[in-house]
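Please read this briefing alongside the sequence and the model.

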There are 2 protein chains.
Amino acid sequence: MNFEKEQNDRIEYIEQILKEYLPEEAGLQKYVIEAMNYSVLGGGKRIRPLLMLETFCLFQKKISKVIEPFMAAIEMIHTYSLVHDDLPAMDNDEYRRGRKTTHVVYGEAMGILAGDGLLNYAYEVACKAFDMGENPVMIADAVKVLARKPGIYGMIGGQVVDVLANGSPLDKERLDFIYKLKTSALIECSMLIGAILGGATKEELEIIEQIASDVGLAFQIQDDILDVTSTLEVLGKPIGSDEKNSKTTYVTLEGLEKSKEDVQMISDRALKNLNMLKLNYKENLFLEELIRRLVSREK
Amino acid sequence: MNFEKEQNDRIEYIEQILKEYLPEEAGLQKYVIEAMNYSVLGGGKRIRPLLMLETFCLFQKKISKVIEPFMAAIEMIHTYSLVHDDLPAMDNDEYRRGRKTTHVVYGEAMGILAGDGLLNYAYEVACKAFDMGENPVMIADAVKVLARKPGIYGMIGGQVVDVLANGSPLDKERLDFIYKLKTSALIECSMLIGAILGGATKEELEIIEQIASDVGLAFQIQDDILDVTSTLEVLGKPIGSDEKNSKTTYVTLEGLEKSKEDVQMISDRALKNLNMLKLNYKENLFLEELIRRLVSREK
């Protein structure tokens, strides 16, 4: 398998879906739509729609149209969270992925409204799945997950605890809460929706949720490790920023060696769970390799 | 009919529903939940859930539980829009209904996140309707409306054009667009969902949407008229604020007399349409009186 080529093919497909589902830049409210599209089409690894798609493929051989609005919706939700995170009252970031952030280009009021617009439009787009001739109960189950995981008991909940800490030291309970919700919740959302639309059973959904939770956690711990062990050249951004900002991370709480062991243990567990599912369904080597690379990446 | 008593009874019921569906103030993310609940439970006339409920009652004799999550959801969406409107980057309001605004009490970051939380939670709450044993296609139709009307082709769209005008004079096209979307969209959303859950036909839904659009428009024009004709004592807020802020209103564009005539014409049309529906269903005198009072109110 040429992983890079397979990944690029899929990302190209996802970019197409995004363009198809993003709103047309027309009407008197055109300006906010431009701000929304600017935010979504600013690059990014499209990890969430990719995980959704590949989880779906664990259960189904052929891609169904019904997953497409959800792939667009999850990326809109991820993007809205970045747009609002970047606002002056939050992280006050002026650049993201080498481009000016949305509120810097379009103004702070439009930053707020473009974020609101993306969150709201994600549900509008996901509801298009009800008109594709599939079982409405299955679609409803997917919409429920799309509403729960990004919310106050998911991503927003993690974000709140992170914002409230405001740079002061965190205990293990709070750090786990933030990692579980801020990072893992949208990964769980993506993989669960892929599995629901693929027709997974209740037991399979539980395994998928556990895999997703582990992938999110391992990804986040690896991020903390790289901030200590990598170099500016490899990472493409300054290392040591966590220490400089006196930020509590998995590494500051558990030490570097234990953190490395835990990443290994958590990602092994995720891959073992994935292999349990593979007993029933066609192998998805791509998903396996994607997870391996997400958690053991060097940048 | 003792209108005030009937209205108070219904508002009491709506307040109960809101309390039932608002999230419990617990968990590490408790602070944002407090901010959400503070915002929603700050009073208000509950016009949107009330119109939803009464429109439902046009079509059904007995209130069904399935409408309750939607009544809570529409009020959460209305409230999130106020919380974000009040932010420093938007209207920068420190008081609303005599209480400090959410961001003043909880900080600007929590104001943003509480608004996001309310918008997102509205969909989470509405999805509970899928678990009440009703037809999932009907619930899906209601969720679709709940996603479309508050969004960029509805309320947010109107808000964007209003914010972009930034106090400069508006032409008729823009003013109509703002009134139609910023005010009418959530009224349409409320009445349409009430009608959908009540089992209205496609033709009836079109009439309901027209009534709701007229009610929103007449309500808004009446607001402009009162700013010119009322007194501080009656209105409970300073009059003449539109002129002071050089704000374009229906009255500045069309004149006071024409505005009064138009309110009359539009509300007559709404009531005539409502009476067309009454041919098929039990009278809803309360809804008729509610609409009459909304558009011809003196404060």
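Glu75(A) and Arg46(A) are both buried, where buried means under 20% relative accessible area, exposed means over 50% and partly exposed lies in between (1.4 Å probe, protein chains only). This is a predicted model, in which local features need pLDDT of at least 70 and side-chain atom pairs count only at pLDDT 80 or more, while totals for chains, interfaces and linings use all residues. Residues are numbered from 1 along each chain as its sequence is written, chains are lettered from A and ligands numbered from 1 in the order in which they are written, and side-chain values use heavy atoms, with hydrogens and water left out.

**Salt bridges**

- The side chains of Glu75(A) and Arg46(A) form a salt bridge of 2.9 Å, N to O; the term stands for a side-chain nitrogen of Lys or Arg within 4 Å of a carboxyl oxygen of Asp or Glu.
- Glu75(A) belongs to helix α4 of chain A and Arg46(A) to the loop between α2 (30–40) and α3 (47–59), so this pair ties together parts 29 residues apart in sequence. Helices (H or I, at least four residues) and strands (E, at least two) are DSSP runs, numbered from the N terminus.
- Over all chains, the whole structure has 46 salt bridges.
- In chain A, a network of salt bridges links Glu4(A), Glu288(A), Glu289(A), Arg292(A) and Arg293(A).
- In chain B, Glu206(B) and Lys202(B) are joined by a salt bridge of 3.7 Å, N to O. These two residues are 4 apart in helix α10 (residues 202–229), so about one helical turn separates them.
- Glu206(B) is partly exposed at 48% relative accessible area, and Lys202(B) is exposed at 59%.
- An α-helix has 3.6 residues a turn, so residues three or four places apart point the same way.

- Asp85(A) sits in helix α4 of chain A.
- The side chain of Asp85(A) does make a polar contact of 2.5 Å with that of Gln159(A). A polar contact is a pair of N or O atoms within 3.5 Å; within protein, one must be able to donate a hydrogen and the other to accept it, and residues adjacent in sequence count only if both atoms are side-chain atoms.

**Helix α9 of chain B**

- Helix α9 (residues 172–198) has 27 residues and spans 36 Å from first C-alpha to last, close to the expected 39 Å. The expected span is 1.5 Å times one less than the number of residues.
- At Ser184(B) the helix bends by about 50°, the bend being the angle between axes fitted to the seven residues ending there and the seven starting there.
- Of the 27 residues in α9(B), 21 are buried.
- A salt bridge of 2.7 Å, N to O, joins Glu188(B) and Lys180(B). Glu188(B) is buried at 2% relative accessible area, and Lys180(B) is partly exposed at 36%.

**Positive phi**

- Most residues other than glycine have a negative phi.
- Asn92(A) has a positive phi near 50° and lies in the loop between α4 (67–85) and β1 (95–96) of chain A.
- Asn92(B) has a positive phi near 55°.
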